[in-house]
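Colleague: Can you walk me through this one? I would like to go feature by feature.

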Amino acid sequence: MTHILALADPAHSSWSMRIGLLVQRFGLPVSLTFADLYTSDFPKMLAEFAPARTVPALKLEDGTVVCESLAIAEELASRFPDAGLWPQDTAARAHARGLTAEMHAGFVVLRDKCPMNLRTTYANTPLQAEVQADLDRLEDIWGRARDRFAADGPWLCGPYSIADAFYAPVAGRIAGYGLKVGPVSAAYTAAHLADPAFRAWREMGLAQGPHQATYDRPYPQRSWPEPADLNQS
Ligand SMILES: N[C@@H](CCC(=O)N[C@@H](CS)C(=O)NCC(=O)O)C(=O)O
C-alpha cells in the first residue's frame, strides 16, 4: 500500500490544487485519486477516506486518514523531511507557516466571490471593490515576505514551499477574474503562471472533469493571460 490523496475537479477545487500541486511539484510518492464534485462518485470516494468529508484527504499507508489541507501539508513535510516542503532557514520557515495558516483560515471574501475556475477567464468583472481589502492584504503580506526572505527568486520565503502552493489558487483567481493588483502581487502571480507545475495542473483542469455550471459567471470573457501580461497590469 502507498499513501493516497483524494482530490476533486482540478479546475475548480482550490484545496485539491494546493495539495495536489505540492505533491506533484516535489515529486512525492503519493498517488492521486479524483472524483468530480456534485456527483455520487464524490461521497463514494470519500467513504474510503472516512472520516473525511472534504477533499483533499490523505490516507497514509498504515490506513490513517488526515483531513484539512494545512494538516496534510504538515504531515507530508514530516513524512518527507528531505523534500524541502518548508524553507530550511528557521525564520523563513516560521514566516512561511504563518502565511500558510492565514491562507487556510482567511481571504474568505476573495474565495467566496471568485471561486476558482481555471477553465474560464473573465474581463471587467464587477468584483474588484468587493475583494479589494483581501487584495490589499495580499499585496502587504506577499511584499513583506519577499522583501525579507526572497531577494533571489520569485517565491515568498526563498525556495518554493508549502506557502507558495497554498497561494497558487489565489494567483489563479487574480488571473482568471482579471483582478487589478499591485506590483508585488502582479509579479508573484506571474511567477505562478510561469511555473511548469502550475501550468501542468491547469492543463489537467482543462482536460479533466465535467463542465460545472455552478462556476459560470455572466462576465465578458478573454483568454488566459501570459505571465508577462500580469507584470504590465
Ligand atoms: N478546510 C478544508 C476545506 C476543504 C474543502 O472545502 N474542499 C471542498 C473542495 S475545494 C470540498 O471538499 N467540498 C465538498 C463538500 O463540501 O461537500 C481544507 O483545508 O482542506
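Predicted model: local features only at pLDDT ≥ 70, side-chain atom pairs only at ≥ 80, totals over all residues.

Colleague: How far is the polar side-chain atom of glutamate 68 from a nitrogen atom of the ligand?

Modeller: That distance is 2.7 Å.

Colleague: And what about the oxygen atoms of the ligand?

Modeller: An N or O atom in the side chain of serine 69 is 2.8 Å from an oxygen atom of the ligand. For histidine 104, an N or O atom of the side chain is 2.6 Å from an oxygen atom of the ligand.

Colleague: How much of the ligand's accessible area does the protein cover?

Modeller: On its own the ligand has 510 Å² of accessible area, and the protein covers 68% of that.

Colleague: Back to glutamate 68. Where is it found?

Modeller: Glutamate 68 is in the loop between β4 (65-67) and α3. Its phi is near 75°, which is a positive value in a residue other than glycine.

Colleague: Why does glutamate 68 count as partly exposed?

Modeller: Its relative accessible area is 43%.

Colleague: Which other residue has a positive phi?

Modeller: Asparagine 124 has one, near 50°, and is not a glycine either. Asparagine 124 lies in the loop between β5 and α6. With 67% relative accessibility, asparagine 124 is exposed.

Colleague: New topic. How many aromatic pairs does the structure hold?

Modeller: Eleven. One of them is phenylalanine 26 with tyrosine 160, a tilted pair with 6.2 Å from centre to centre and 50° between the planes.

Colleague: Why does that pair tie together parts that are apart in sequence?

Modeller: Because phenylalanine 26 lies in the loop between α1 (14-25) and β2 (30-34), while tyrosine 160 lies in the loop between α6 (128-149) and α7 (162-176). The parts are 134 residues apart in sequence.

Colleague: Are phenylalanine 26 and tyrosine 160 buried or exposed?

Modeller: Both phenylalanine 26 and tyrosine 160 are buried.

Colleague: What about tyrosine 122 and tyrosine 177?

Modeller: Their ring centres are 5.7 Å apart and their planes are at 35°, so this pair is tilted. Tyrosine 122 is in strand β5 (residues 121-122), and tyrosine 177 is in the loop between α7 and α8 (183-194). The two are 55 residues apart, and the pair links distant parts of the chain. Tyrosine 122 is buried at a relative accessible area of 1%, and tyrosine 177 is buried with a value of 1%.

Colleague: Which residues do ring pairs link into a cluster?

Modeller: The cluster is made of Phe26, Phe107, Trp142, Trp155, Tyr160, Tyr167 and Tyr188.

Colleague: Where does the charged end of arginine 18 sit?

Modeller: Over the ring of tryptophan 15, at 4.0 Å from the ring centre. Lysine 59 lies over the face of phenylalanine 49, with 5.3 Å to the ring centre.

Colleague: Next, glutamine 212. Where is it?

Modeller: In the loop between α9 (196-207) and β6 (221-222). Glutamine 212 is buried, with a relative accessible area of 8%. A polar atom of its side chain lies 3.1 Å from the backbone oxygen of leucine 37.

Colleague: Last one. Which residues does UniProt list for the GST N-terminal domain?

Modeller: The unreviewed UniProt entry lists residues 3-84 for "domain: GST N-terminal". That span is 37% helix and 20% strand, and its end C-alpha atoms lie 18 Å apart.

Methods. Residues numbered from 1 in each chain as written. Heavy atoms only, no water. Phe/Tyr/Trp six-rings, centres within 6.5 Å; stacked < 30°, edge-to-face > 60°. Helix = DSSP H or I, 4+ residues; strand = E, 2+ residues; numbered from the N terminus. Buried < 20%, exposed > 50% of the residue type's maximum accessible area, 1.4 Å probe, protein only. Lys NZ or Arg CZ within 6 Å of the ring centre and 35° of its normal. UniProt positions renumbered as here; feature names shortened; annotations may be inferred. Polar contact = N/O pair within 3.5 Å; in protein donor to acceptor, adjacent residues only side chain to side chain. Areas by Shrake-Rupley, 256 points an atom, 1.4 Å probe, with all protein chains shown as cover.
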